[in-house]
Amino acid sequence: LALSRSGAIVACGCGGQVKIVDVTTGAVLQDIEADGEQVTAIALSPNEQELVTSGRDFLVKTWDVSSGTKSRMWKSGQGTSYVQRLCYDETGTLVAGGCSDFVVRVWDAGRGFATHNLKGHGAIVTSVCFGATPRTDPNKLLLFSGADDGEVRVWALATKTCKAVLKGHDSAVTAMVIDVPTKSLLTAGGDRLR
């Protein structure tokens, strides 16, 4: 499930299809046959004009939201690695993917080539989230990733290094988001809460 930044449209994965739905009317705007098997991750670009999908076919694909046509396609990783979670940076130029081979990959969204292969997780990467782009120095862009083992990593993209490892979940990190006003990272997981 991916909600657009404006809240006007939502993309929903169902089997190998992705439906683009108008939130106000409930009308299906596009019905995209994204994968022959199962769509594993979807994200909408910040300008709401592009959708990125991944699936059990081990491919990442970008789609034009208004026409439903495929724009680009590339392999998600090595061998049988598939993408578990996708997200765009706030400019729409980078796409990050949390992968089943424990690697966080970053791709150039416009050209489909890998810019980063970030290794260090010891489990399937289940969530990814870009930090806000620093206006004074875009080279200080951070990427956050969470894994099936409850670990969260903070990556500096300019140096391709892990800056911190955060521990606090006792199961998979299933979601994360940056709260821009407070500059806080919020994470959620399947922890056993009492």
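Q: Hi! Where does I178 sit?
A: I178 is in strand 17, which covers residues 173-179. Strands here are DSSP runs of E with at least two residues, numbered from the N terminus. This is a predicted model, where local features need pLDDT of at least 70, side-chain atom pairs count only at pLDDT 80 or more, and totals for chains, interfaces and linings use all residues. Residues are numbered from 1 along each chain as its sequence is written, and side-chain values use heavy atoms, with hydrogens and water left out.

Q: How does strand 17 pair with strand 18?
A: They pair in the antiparallel sense over six bridges, with strand 18 covering residues 184-189. Two strands pair if DSSP finds at least two bridges between them.

Q: Which residue is the bridge partner of V173?
A: That's G189, in strand 18.

Q: What about K183 in that hairpin?
A: The hairpin has four residues between the strands, and K183 takes a positive phi near 55 degrees.

Q: Is C87 buried or exposed?
A: C87 counts as buried because its relative accessibility is 10%. Buried means under 20% relative accessible area, exposed over 50%, and partly exposed in between, using a 1.4 Å probe and protein chains only.
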